[in-house]
Amino acid sequence: MTDKKFLSAVTRPGRYLGREHNSYFPEWSDDAVKFALIFPDLYEIGMSHQGLQILYHILNRRPRMVAERCYCPDIDAEQLLRSNRTPLTSLETGRFLTDFDVIGFTLPYELCYTNILTVLELAGIPFRSADRDDSYPLILGGGACSLNPEPVADFFDAILLGDGEEAIIEIGEIIRDHKNIDKKQLLQQLETIEGIYIPSHFKPVHMENDHQGRLREIVRLSGKGTVSRRIVENLDSLDHLLTPLVPNAKIVHDRLGVEVARGCTRGCRFCQAGMTYRPVRERTPEQVKRLAIEGITNSGFEELALLSLSTGDYSCLDQSLPALMDKFGDSYVSVAMPSMRVGTLTSTIMEQVKRVRKTGFTLAPEAGSERLRQVINKGITEDDLIQTCDTAFSLGWRLIKCYFMIGLPTETATDINEIILLVRKILAGHNLGKSGTSRQVNVSVGTFVPKPHTPFQWEQQLSIENSRENFRTLRDGLPRKGCNFKYHDPETSFLEGVFSRGDRRLSRLLETAWKNGARLDGWAEHFDLETWRNSGDQCGIDLDSYLRRRDINEILPWSHLDSAVSNDFLADELKKSKNLVYTPDCRYHACQKCGVCDFKRIMPIVHNRSQKPHPPTPVKARTNGSETHFKYMVHYSRTGDICYLGHLEIMQVIFRALKRCELPTHYSRGFNPLPKISLGPALPVGTESMAEYFIMDLNSPLDSIGRTITRLNSSLPVGIKVTGIELHSGKTPQKTTVAYVIYLPGESKEFDLFRLDSFMEADSFFVAKTRKGKTKKLDIRPMVNSCSFGDDGRIEMEFFSETATPGIKPVEALSAILELSPEQAQQLRVVKTGWTSLDKPKSQKSPGQR
C-alpha cells in the first residue's frame with residue numbers, strides 16, 4: 001500500500017506508513033501461526049486502542065507466533081485500492097491478508113460494523129463464514145461488543161467473549177498444532193477454550209408473523225448450551241506494554257496508557273462495562289510504577305494516562321500518583337486520569353496533577369436530578385459535584401467538562417430542567433462572587449442507549465424526535481455565558497441502539513447498507529441515516545422496532561451468551577431502580593450476589609480495601625534545571641516513505657526521539673510546556689530531503705557528538721538519519737536558497753521541457769494560489785534562481801526563500817511551468833539536496849552542500 005502513487009493521492013498518508021517505534025517485523029516460517037490484527041476504524045482511532053496493542057505484543061513474544069496489524073482505510077484510500085485492484089495488506093510487511101492464518105477483528109463499538117465488511121472486501125474474502133472454504137483465514141472477533149455480536153455473528157468463524165490475554169495464546173496454540181485439519185474440526189477444537197463462541201453452532205428461531213422480531217428459542221446445534229465470558233484472574237501477571245507502539249502520525253489518544261485496574265462495581269445500572277468487566281482487579285502500586293517508568297522510557301510520550309473505568313476508585317491512587325509525579329515532573333511528563341468519578345477527584349489529586357500540566361477532567365453526573373441519579377445508582381449528590389468543581393476552579397482550572405444523558409428510564413421534563421439548574425449552580429459555585437467570574441463548563445449530552453447485560457437491557461430507547469426536543473430544551477435553557485453545549489447526534493445514537501440490542505437478521509441489513517454506500521458510520525461527515533432507512537426497507541426490517549421495551553421474560557438475542565452477571569441480579573437491579581433503592585459497591589461492602597465471583601479463582605482484588613488513606617505526600621516542587629543554554633544544530637536526512645509525514649508529525653517524532661535518548665532539553669514555560677526545539681522550514685508532504693535541520697536548546701553540553709548521533713539514529717524511525725551535529729547560535733536562517741532535484745515519471749520526452757527555458761527567460765510568471773478560500777495570483781519567477789534539465793532525466797531547481805513571505809512548493813511550480821496534470825504531478829519525486837543561508841554577516845551551508 002505504500003507506493004508513491006498511493007501515498008501521494010490519499011489524505012493523511014501517515015496512516016498507512018507503519019514502521020512505528022517498537023513495532024515488530026517478524027520472520028515468517030511455515031510452522032508459525034500468523035495473525036492479522038484488525039481494528040475496523042481509521043488509524044488514529046485504532047492506534048489509540050490498548051486491546052489490540054496488548055494482543056500484538058503477546059503474540060509476537062511467543063515462539064512460532066506472528067502478529068501484524070491493519071486498520072480500515074479512509075474512503076479515498078478504499079476507492080484508490082479498488083480502482084487499482086490492489087488488495088488491502090498488513091502494515092508491517094505489506095502481506096496480503098489472505099496470507100495469514102487468522103484475521104482477528106476488534107469489536108469496539110457498534111458503528112464500526114460496516115468497516116468490517118470494507119476490510120474483508122478489500123482483502124478479497126467473502127463476508128459470511130458459510131461462504132468461506134478452508135483456503136481462507138479463520139475470521140476471529142473479540143472486544144467490547146462481543147457479548148452481543150449477533151448483528152455480525154454470521155461474518156465470523158469464532159468470537160472470544162471477555163478478556164483476551166490468556167485466550168489468544170490458547171487459540172494460537174490450537175491453530176498452530178492443528179494446521180492440517182479442516183475448518184469444521186478446527187472450530188470444534190477452538191470451542192474447548194473457555195470464552196470461545198462459535199456462531200454457526202447456534203441457530204436463532206424467531207416467532208412466526210411477529211413484526212417485532214421476537215425470538216422463540218436459540219437452538220444449540222452441538223455442544224454446551226451457553227458460552228461463558230473469559231476472565232483474567234489477576235492483572236499483575238500482565239506487562240505487555242513495556243515497549244508500546246509509538247505512532248508516527250497524530251492519533252486521538254497520543255499518550256502512554258497504564259491500566260491501573262480492570263472492572264468496576266459501583267453498579268451504575270446503565271453501564272455495560274461496569275457489568276461485563278467485573279470483578280474489580282487492581283494492579284499493585286509497584287507494578288503501576290514499573291509499567292509507567294519503562295513505558296515512558298521506551299516510548300518518549302509526553303503524557304501518562306492512568307486508565308480504569310473509574311481511575312479515582314483505584315484504592316492506591318493517593319500513594320501511586322505522587323510517586324509518579326516525583327518521577328516524571330522534572331522531565332515534563334504529565335499524568336492524566338481521563339475517567340474520574342465525582343467524589344474521588346480530591347484537592348490532593350488535583351494538586352499533584354497540575355505540577356506539569358493541568359490535564360483535563362471530565363465529570364459524569366449523567367443525570368441532573370437527585371431522583372434520577374438514584375434511579376441509575378450513581379451514588380453522588382449535587383453537593384459532591386459542586387464541591388469538586390469549586391476545588392478544581394480554586395486550584396487554577398478554568399474549564400470543567402460535564403457529561404449527561406437524556407432518555408434514562410423514568411426521565412421527565414423536570415429531570416431535563418434539572419440539568420440546566422445544575423450547570424448554573426456549577427458556574428456560580430458554593431462561594432459566590434469572584435470564584436465564578438472566569439469559570440467555563442463544557443456540557444456534553446448524549447442519548448441513553450440500552451445495552452445488553454445491564455439492568456436497563458429491557459428498557460425503551462428514546463426516539464430521534466424526542467431526543468431532538470430535549471436537546472432544544474437544553475440549548476435554550478443553558479446559560480450563554482460560561483457554558484459550551486454539545487450533544488451527540490440523535491440519529492447516530494438511534495443506529496447504535498439498533499445494533500446494540502440487534503439480532504442476526506441485521507447481518508443482511510449491514511450487507512445491504514454497505515453496498516448502498518454506508519461507510520465509517522462513527523464519523524459525522526460520513527454517517528447518513530437515510531442510507532440505513534432505505535436499506536431497512538429493502539430488507540423488510542423495521543429499524544424502529546429495535547428501540548422497543550423488552551419483556552422481562554423475553555428471549556434476548558444474547559441470551560445464550562453468559563457475561564457471568566446473572567440475569568436474576570440484573571432483573572433485581574431493575575426493580576431497585578424503580579424504587580430508588582441504592583446498591584452499594586461490593587469492594588468495600590458486602591457481596592451483592594451478582595454471580596461473577598466464586599471466591600476461589602475469581603474474586604475482587606483491592607489492595608487498600610480498608611480505604612485507610614496513606615499519609616499525605618507533600619507536593620514536590622519541580623526543578624527548572626540549569627539556566628545555562630547549549631544550542632546545537634542537528635542536520636538530518638528524510639528519505640523514503642517517512643517523507644509523507646507532515647511538519648507537526650515530524651516535530652512530534654523528533655521530540656520523542658530526544659526524550660528516549662534522555663537529552664537534557666530546556667522546556668518552555670506556561671500551561672503546556674514544550675521542548676525548546678526549532679525545526680527548519682516545513683517541507684511539503686511527499687518531498688524527500690538530504691538537508692533538513694532542527695536546533696535544540698540543552699541545559700548541559702553533549703559529552704560526545706558521535707555517540708549522540710548514534711543514539712539518535714537508533715531511536716529515530718526508518719528514513720530519518722542524523723548526519724551531523726554542531727554548536728549553533730540558535731538563530732534560524734531567515735533568507736535561504738534551497739536546491740531541489742525533481743525526477744520526472746516515465747520518459748522525459750512526454751514533457752514539453754522547452755517550457756523550462758521559456759520560464760527562465762520570462763520577467764514574470766503568475767500562478768493562482770488558493771488559501772483559506774481566497775485565490776491570489778503569485779509571481780513565482782523571482783523565487784526561482786535557476787532551473788535546468790539533466791541528461792539523466794532529472795530537473796534541478798534552486799529557489800529563494802524568505803521567512804514570513806509567500807512561497808511556492810517545487811511541485812506546484814513545476815506543474816505550472818510544464819502544465820502537468822494532477823496525476824503527473826503526484827508521480828514526481830522531489831528531493832531537497834541542500835540549502836544556503838543568505839543572512840549577514842556569515843553564510844552557512846548544510847552538510848548536503850559541503
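The lining of the second largest pocket has 17 nonpolar, nine polar and nine charged residues. Here Ala, Val, Leu, Ile, Met, Phe, Trp, Tyr, Cys and Pro count as nonpolar, Asp, Glu, Lys and Arg as charged, and the others, Gly among them, as polar. The model is predicted: local features need pLDDT of at least 70, side-chain atom pairs count only at pLDDT 80 or more, and totals for chains, interfaces and linings use all residues. Residues are numbered from 1 along each chain as its sequence is written, and side-chain values use heavy atoms, without hydrogens and water.

A pocket is an open set of points on a 1 Å grid over the protein atoms alone, with protein on both sides within 12 Å along at least five of seven lines; a cavity is a set where a 1.4 Å probe fits but cannot get out; lining residues have an atom within 4 Å of a point. Points are joined across faces, edges and corners, and a volume is the space filled by probe spheres set on them.

The second largest pocket holds about 1200 Å³. Its lining numbers 35 residues, with Ser801, Thr805, Pro806, Gly807 and Ile808 nearest the centre. Strand S28 gives the most, four residues. Strands (E, at least two residues) and helices (H or I, at least four) are DSSP runs numbered from the N terminus.

Seven cavities reach 30 Å³ or more. Of its 14 lining residues, Ile54, His240, Leu241, Arg283 and Leu291 are closest to the centre. Strand S10 supplies the largest share of this lining, four residues.
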